[in-house]
Structure formats: C-alpha cells, structure tokens
Amino acid sequence: MSKRKQFLDSVHHEHVQDFLNFIRLHKDGADPFDLAEVLAELQRSQRQELWERQLKLLQHSLTAHPAERWITGAEEDAGDMEVEISEEQIQTMAVIEGVTIVSTVSVDILQENDTYTSLLNCAQMLNCIESALPLSHTPLQQAIHWLFECWWRQDLKGKEELGWTAFLVCLENTVTLEKPVSELRRLCTLREVLLSVDFASERGQQVIDPLLQCFFRTSHIKQEEGKRFLAFLFSWNDNFIRMIHETIKNQLPFFPKTLSVHVAEIYFRAWRKASGPSLEEIESTCIQDLMQHALLLHRNSPVHSKVRQVLTYFHKQKFRDGIDEMLHRLYKPILWKALKATNAEVRANATLLFTEAFPIHDPNMSSEIVDQAVQNQLNLLFALLDDPQPLVRSSAVLGVCSVLARCWEVIPSTVITDLLEKLILQLANDTSSPDVRCAVFMCMSIILDNSLSHPLMEKLLPALKSSLHDSSEKVRVAFVGMLLKIKGVRAAKFWKVCTLEHLLARLEMDSPPVSKRIVNLLFNSFFPVNQPETVWCERCVTLIQTNPGAARKFYQHAYLYTAPANIVKLMLVIRKCLNVCIQNAGDDEFVSSNKENSTMLEDVLSVQDTASMASLLEILVILWKSVQKSLMANQEAFKYTTSKFASVLPQYLKIFQEERCKAPLILLASLLPATAVPALRSKVMSHLRSLKAGTAVTAYSQSVECLCSWGQISHIVELIENWLTEAAPVKEGDEDTMGKVHFDGLEESKPDLGLDYLDYLLLRPKTRDCLLTLPLDQIRPLQKALNKWKSVLFSSLSGSEVSVAVIETALRAFIFHGRLSIHLQHKYPEEREFLKSLEHSVSWVEKRVLPFLANSSSEQQLSLSRKTVESCLAVCTDVLRVSVGDSDFKDHLLQHIASLLQTEKGYICTPHVLVLLTEVALGCLSHKAEGQEDQLLLTIRILTNIFQKVVEIIAHRLRKDKEEGQELCCSSEEALHEFLLVTKFATERSEFITGVFSSLCAAVIIDISRTLQKISHVEEVLTPETVNDLPRLSNTILKVTLRSPAVTRFFLSEMSSSIESEAIDSITQWAAVTHILTIIKQSDAFVVDLKEIAVSVRRQIQNFYMFSAENSDNVQRTIYESTIMMLNDILNPCQQPNR
C-alpha cells in the first residue's frame, strides 16, 4: 500500500494514532515524508475525500472532548496543586494540530477546480475554538492564525471571517509586543481585511482604539511596513481620518523631533493614494489644519517646530505632480491673510511657510497668471524685509536666503541683486535689532551653498567688514561663521571681506565663542600642518610680531584643530628657535652643548628682542598646558619632551633675566618633573623668601604653583610656620623651640607675607588640594603657629603696647587658624581634633574677648574686640556652611551667641549673629537623622529663643539710641531676610515657624502700638500709605517679610493665630494689626488671608470697644474709627465680586 493511501486511511477517528504518527513524520525534518508532496500527488477526488475525513475526525474529537472540558492556563496556574491534564485533552490538541497542518498545506496546493467546502468547514471550526485553547498551546494557536492568514492571501471563500481573526490577532500583537517587526509585516499584508468591515459596525468600533494606538508606537511610525499600514488606515473611513489626525496632534508634544519627519511621510503617503471624499478630508482636516496651527502656534510651543517639520516635508515634495496645486489651493484662504495679520508672531510664522513653499502657484493656470503671481510674491519678499517687527524681519531674512539658494537660476538677476543689497547694505546694519543682523550672517551660508551666487557675493560681501566689531557677541559669532563658510566653499578670499589686521585685533580681545572661530578661520595660515615644521615657527614669529595678544589666544585654542603630536612638534621647534637666538648672542658653552640646532630665523630674532622672546616663552607654556593631559597619557613622549626642555631651562633662566621672561619660565619649570630641574627649587624658594610684605599676588603666584606642581609644598608650609613662630611674641617657657628647623640666611620674619602665601594656597582648589595631601605632622606645626597669635590679641586688649600692624597680623592669623581648621576637619571627618580646636577658639573669645567688648575703655579696644568676635562668628558660619559642624558644635555656638547677646555691646554683632543663626537653622531643618529628634527639637527651641532675644535687642536699641538703632536695622536687614528664607524648609505650624513668627508679630504689633499710644492729638492719627510710614523696627521687619510670598504667608498665619488666641487686648494693638494688613494689602496678593484676618479683627474690635467706649478719650475713639475705615477698605474689594 502506498504512503498516500496509508495517510488517507489514517484520517479517521479509529486510526488517530496513525494520523498523528504521519504528522510527527512531517514535522521531523530528517524524515522524507512531506505532506506537501503527498497532497500534491493526490487526485482531486482524493483531496476532497481527505478534507471530508479530516472534518469528521475534527468533529469527532471535539465532540468526545469539547472545549468546555479543557483545562486552560488559569487552572494550571491555580494554587500549589498540580493539575493533571487528561490523555483525552492531549490527544484532542494533537488532532487539532494535525488538522491545522494539513489544512495549511492544502491551502498552498489548492487548485482552481477544487471543491473545498469541507476544508472551509474545518477552518471555521478552528476559528471557533482557537480562543479557547490552553495557554500552554500558544504555538498551536499561532499555527491556526497562520492558516487564516494563508486563507486570506489565497482569496478563498469565507476569507472575511478567517482574515478578520488573523487581523485582530496581528493588530493586538503589534500593539502589545516590544519588538513587533514580524507581526507588523503580517499586519501590513492583512490590511485589506479592514475594508471589508463597516466603520460604524460593532466590529469596526471594536478595533478603533487598537488602530489608534498604532499611532502611539514609535516602531510603527519608523518602520517601512508600519508607515504603509498607517497611511492605509486613512482610506478606511472619513470619520476615522479625523480621529487619526486628533490622535497625532495629541501625541506630537511627546514625540521626539526626529519622529516628525516620519509622521509627515505617513500623511504624504495617505494623501498621494487618496481620492474622492477621502482626499478632500485629508486635505481639509489634516494638511490645512496643520497649516493653520503652524501659523497660529507660539514659537515656544513644543508642537510648533514639529508641525513645521511636517509641512516642510510637503514643501520638499514640490517636484511631484499635484503638490504645487494642492499647496496653492490650501494656502490661499489662510496664508495671505496671515502675512498681513496684526500679530507679529503670526506674520513671522506665515513668512517662514511662505518662503519655504515659494513659489506658491497652480501649474494648471496660464503662464501669464503664474508669472504675475510669482512677481507679486517677490514684491511681498521685499515688503517682509521692511516689516516693523524684528521677529518678522529675521524670519524674512531666513526665508529670502533660502529662496535665493533654491531659485537662483529662475529669479531675474536684478531682483537677486536688489534682495542681496537690501540684506547686506541695510539689514546687516539694522541698529534696532541684533537678531536681524545675526540672521543675515547666519543665512548667508545658505546662499553660499549655491555656487552660482559666488561671483555676485564676492563683490557685495566686503561691505560687511565692519560687522566683525559688532557690539553683540552673537552677531560676531555669526559673522565669523560666515567667513568660515566663505573659506569652505571658496566663494571668495575671506581676508578680502575682512582684513587680517581686524581679525587679529578681534581675536586678541574677544570672548571664547568668537576667538575659537577666528582661530579655526586662520589656522591653516599660521599653523600649516602640511608644510615643514620650520614654516610653523616662522608663522608663529610673524604672528607674534604682528599681534602678540592675538598670538597667545591663537595658540591657546590651537589644540582644538590639530593633533597633540603637532602641538608638541611646534613646542620643540620653538625651543630650537630660542636656542638659535642664544647661540647668535655668543654663548659658546650653550653652542657646544646644543650642536643639533639649526640657524633658522637668525635674521629676524635676537635675544635683545625681549618682547618676542617673552612671547615665544609664553606660547611654549600655553601650548604645553593645552596638551598636558595627552602628554601625560603618553609617557614616552612626555619623557622625551621634558628631557629636551630640562636640558635648556637653566640656560634660559640665565639668559632671559627680564621680569616678563621669568614668569613663563617659572611656569614652564612647573610643568616639568622636580627631578628634571633639581637646582631650580632652591632658586624658587629663595625668590619666595626675598619678597617683601605687601607684594602683589602676581609676584609669587607662579613660584607657589611651581612648587605645588613639583610636590614641594611642604617647603612653603615650613617657611610660613617659621615666619609666624619667630615673629610671634611667645612668653619664655611657653613653647618648646628645641629641634626647630630654620632657613639659613633668614634675616627677618615676614608673617604677613607668610599669611599671603597661606591665603593663596587655601583659595585655589589645586594648591589647596596639594596642601591638604601633606601628612598631618607637617600641617599641625603651622596650625599651632597660627594659634599662638591669639595671645597678641589678648595683650592688645589688656592694654599692652602693640603696633597696629602686629594687631592686624594677629587678627589675620586668628582667621586663618579657623579656615585651616575647617579644611582639615573636612579632610579628616572621622576625627574631631580640628573641630575641638575651633570650639577652643570660640571658648577663648567668650572668656578673653567678650569682657572687653562689654566694658571697653577705648575706641581701639572696642574695635578690636568687635573685629575678633565677628571674625570668630564668620569662621563658625563657614564651618556650618560646609557641613563639618556636628550637633555638639552647634550647641556650643548657640551658647556662645547667648553669652554674646547678654553683654552690653553685643548688639553691634547682630548682623553676624543672624547669619550664623541662618546656618544653624538650615542645618537643623535639613537634618534627617533618625533617633535625634529630641536633640533637634531642643536645638530649634534654643534657636528661636535666641532669635527672639535678637529682635528684643534691636527694639531696645531703637528706644535707647534712635540713630544707632536705625543703623543696626539697616545693617541687619539683609541678614534677617536670609534667615527668614530658611523658613521655607520648615513645615507650617512647626515649632520653628511658630517661634520665629510669633516673635516678629509681637515685635511689630508692640512697636506700632507704642507709637500710637504716644499720640496726644487726633490730627496725628494717620493711615499708613507705605511701609516707610511705619516705625523703624516695623518698617524693617515688614519690608523683609514682603520680599518673599512664602514668608509673608507664614507671617499672616501667625498673626491670625495671635488674634484667635485673644492675646491682643487694646485698641492700639488692634490698630497696629490693621496697619500691618493695610501695608500687606498693597502687594495685591493674599486677598483671602487678609479678608479672613480682617473679619476676625473687626468682630473682636467691635466687641471690645462696646465695653471700653464709655471710658475712651477722643484719641482712642479716633484710632477706633480709623481702624474700622481701614478694615472696611480691606474687606470691600474682597466683597465686591459677591454683590
């Protein structure tokens, strides 16, 4: 019996196992049995018999074990119990799979005259059960879907139902899968299925959301198959076109800018394939709507640029049939009106669209009408360039340049010349707007891309030369960018547009954005890398002699435009040039040791030319610094370069003695390893020791940097420590001076100069890092030496005769001791050694200095004690700012501040106290450590008490000495503002907020109330118009409070609480509250808060006055009436909307 006969017989419910065996053989690639071959060899009647038999087999299997009895994925995954799947279900699944395979093969080999009703019935039965298949049989489900897809492709009867199922599955997969590329291809082949479904039907409504979700997916929009499918969706229904367009518009703000071009392509494909009502719908609903949005959207809208990109895609398709006619028809009712709109931004948007789509015409019209339309549009270009608004003119400049670049061949030459002259001679000098001038130079590059423009541009561009010196940086940047474009396209000689002299002058003085572009422009002229290295040096010398400042700038940025190797080669060739100059000066010893040197430039340079020699040395340093990282990365090149310069540096120092030459030589030495210049260290140290106090920073900065680079900073530290120790008046026996290292030949100590060196080291990150990398054993002596100078301060305060210079030195040493301690504590946070040192300084000030501040016998004593206390407070503030102070340190500081405020003269340090309190409060409010809530709460309580004391002290000074109190208010105003800003970090009604603002409210109310109590005549009762009409303390507090809305809101909240608590009990206090509300009302904010407080005040003041009216005098009655009037004035504007 043949295989065909055996297979045909196996398709029966009594021979299921044989059938399944054949299916397994078909699936086994190693077995020669192939269903496609078997079915192709069957006769027509045998194929029909096969399909009838497999239909009966499928029916029998589903009847014996229907879908209702199948165990699905839900049961398989439920609970911890294993659910056993029956043999019947396993066999049923295998039969379904076999029938699916046979049916799929049958569809592929189906012939024209075959009757495939039974095959269709099988497919329909599979369509009914595919959704009920268990989750574990997903491959079988996919095979069934593939059968349906093949059925649709073969255009067989019943394809609508089967194709719909396949379409739905593919659509769902493309929306849910992360990488739906293969499913997207299948969906694209099934897209025609959608046309068989009515949009208004249940099925149509079912797929609307999934189809719209396709426009959310980047993969759909970018992939070719996705674009094809999405463009096809526009042809389904006119109503669906509107839904698609709205979906895209809603998504545009969230699409990346690069996606807009793909969206535009989808619109274009849909438009090109549409016809009839669909075409009209796409044009009116989509394209014209986008045009309208491009005209009316603000330029800062996140959608505007993307809408423009979509339209730009259409404008670039003008070479295709129908595009010009469509653009002309759709733009006609909206564009020309927008070009004449009142709103400048609309005109600017319209200008960009108009010039991008230029010329806008209908090719179907007669040539005369088209020519006239184009001429009108050219006239419109001139009008737009004369628009009164700079934004429109800038847009017109961009548009005109793009039009000229695209249409140079077809625009009359006279019109081209007129447009360019208007741009170059008029708008490039538009004094009213740098944006317009900038646009001219930026957009000239667009015209220069068209080579036909070069002859005319070469004649016109020299008129722009003065624009290099434009007052606007962005205009200069654009101008140099235009010169780079001219050079790049070889449209003209750029130095004919702007002379080299002007370029170098601007290079010397201009900012990096401009100077870097000028370097790029001139790079091949002064650094011709394709020529011999000797030419590089010659050009370098030429540049130096032409403009030394420009030369330094040029080589500062040269590394951006060439390889580091070329920079190193230039350094070495400059070295040879310097060697030649020294040889020509007659240094026989140098000649014998540098025989490799050539005799280049010997007629141009000499050692006597100090300016040129100094410039060459400066450029050497500049070049080295520009490639320092690259050199360090290549140790071989670094060793070679350093050896070359180390061999000549001593002779350079000997020959070049001028100050201008010494500075770059020292910097050059700092770039070399210490081992390469062993003799130079002692010279540098001698230089530092020889300077005098008060020397300018430039005299020692390079030497200090040099020693830091060599890792020799310990010598500077030791020098400073020796000077401070020897100059400090230490009592005999106080310090053990045995074993101290002293410098030979040290004639005098220079503590001020030493402090200058220390200041330089601490201020700059590089030198500070070098200092802090020293072992503590080398830094501690310096810290102790600084600490000794406190005794000088105490001696002066005690009445000893100490010169003013020594006192100033002692005060500086005291400050530097604190600064150094801060840096050391930050460097070593695990130890508390240096924080304790700061605490000791605070304690010393409290014990030794505060008594003199309280009971000073002279102005000098008061001034010194005040400076010392304020210096201590400033150092402690820095401790908190860099977050190196712990809770113990903060508590110690608060105790010190409390002691300070208790002294008679402590008030003079109020501004510094407020600054310190600000840092303490900021640290407490930003502290989130668990388990320390009680400690933080206690610190905040102490802090608010001290703040209350500060406010009381200011009020007391105003009462005791009005002039001095006013000065105190003025000096404390900024510090008070900064302190109140910290409240933004606190939660409302917290203890900190309550403590701070209750003090402020009470102070203001009492201050104003006391002023009102002093009134003796009714004429003196006035309504305050500004904050300056209030007493000085209230003036200061409210002025500071009103600077921040958040602070003002806290202030009003606390005032409301005070009123509700009935703490206010006199007419003058109610009047004070009303005065405050009247002042705050002028800010036109806090309307609701003011109304609530005003209502409460009016209610309570009326109740209060009913009891006291009989005993009140005329002044109090007048104050009451004035208060009621102010309250009504506050309430009436709030009540007007409710009338």
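This tour moves from the whole chain to single residues that may be selected in turn.

The model is predicted, so local features need pLDDT of at least 70 and side-chain atom pairs count only at pLDDT 80 or more, while totals for chains, interfaces and linings use all residues. Residues are numbered from 1 along each chain as its sequence is written, and side-chain values use heavy atoms, with hydrogens and water left out.

**The whole chain**

Begin with the entire chain in cartoon view. The chain has 57 helices and zero strands; helices (H or I, at least four residues) and strands (E, at least two) are DSSP runs, numbered from the N terminus. Along the principal axes, the C-alpha atoms fill a box of roughly 130 × 110 × 80 Å. The radius of gyration is 45 Å, whereas a compact globule of 1139 residues would have a value near 32 Å. That radius is taken over C-alpha atoms, and the globule rule is 2.2 Å times the number of residues to the power 0.38.

Next, display the surface. The accessible surface comes to about 53,100 Å², and 50% of this belongs to carbon and sulfur atoms; the areas come from the Shrake-Rupley method with a 1.4 Å probe, and for residues only the protein chains shown count as cover. Of the 1139 residues, 51% are buried. Buried means under 20% relative accessible area, exposed over 50%, and partly exposed in between (1.4 Å probe, protein chains only).

**The nonpolar core**

Select Phe7 and Ile96. Among the 385 residues of the largest nonpolar core, these two touch the most other members. Such a core is a set of buried Ala, Val, Leu, Ile, Met, Phe, Trp, Tyr and Cys residues joined through side-chain atoms within 4.5 Å. Around Ile96, residues up to four places away in sequence not counted, the partners in contact include Leu58, Trp70, Leu126 and Ile144; contact means heavy atoms within 4.5 Å.

Move to Ala813, in helix H45 (residues 804–827). Ala813 counts as buried because its relative accessible area is 0%. Apart from neighbours within four places in sequence, Ala813 is in contact with Leu755, Leu786 and Trp789.

Then select Pro462, in the loop between helix H25 (454–460) and helix H26 (473–489). Pro462 is partly exposed, because its relative accessibility is 28%. Residues up to four places away not counted, Pro462 touches Met457, Lys496 and Val497. Leu776 lies 66 Å from Pro462, C-alpha to C-alpha, and 314 residues apart in sequence.

**Backbone features in loops**

Most residues other than glycine have a negative phi, and most peptide bonds are trans.

- Phe358 and Pro359: the peptide bond from Phe358 to Pro359 is cis, with omega near -10°. Pro359 is placed in the loop between helix H20 (344–357) and helix H21 (367–385).
- Ser883: this residue, which is not glycine, has a positive phi near 60°. Ser883 is in the loop between helix H47 (859–881) and helix H48 (887–902), and counts as exposed because its relative accessible area is 63%.
- Phe1086: phi is positive here too, at about 60°. Phe1086 is in the loop between helix H55 (1067–1081) and helix H56 (1087–1108), and counts as buried because its relative accessibility is 11%.
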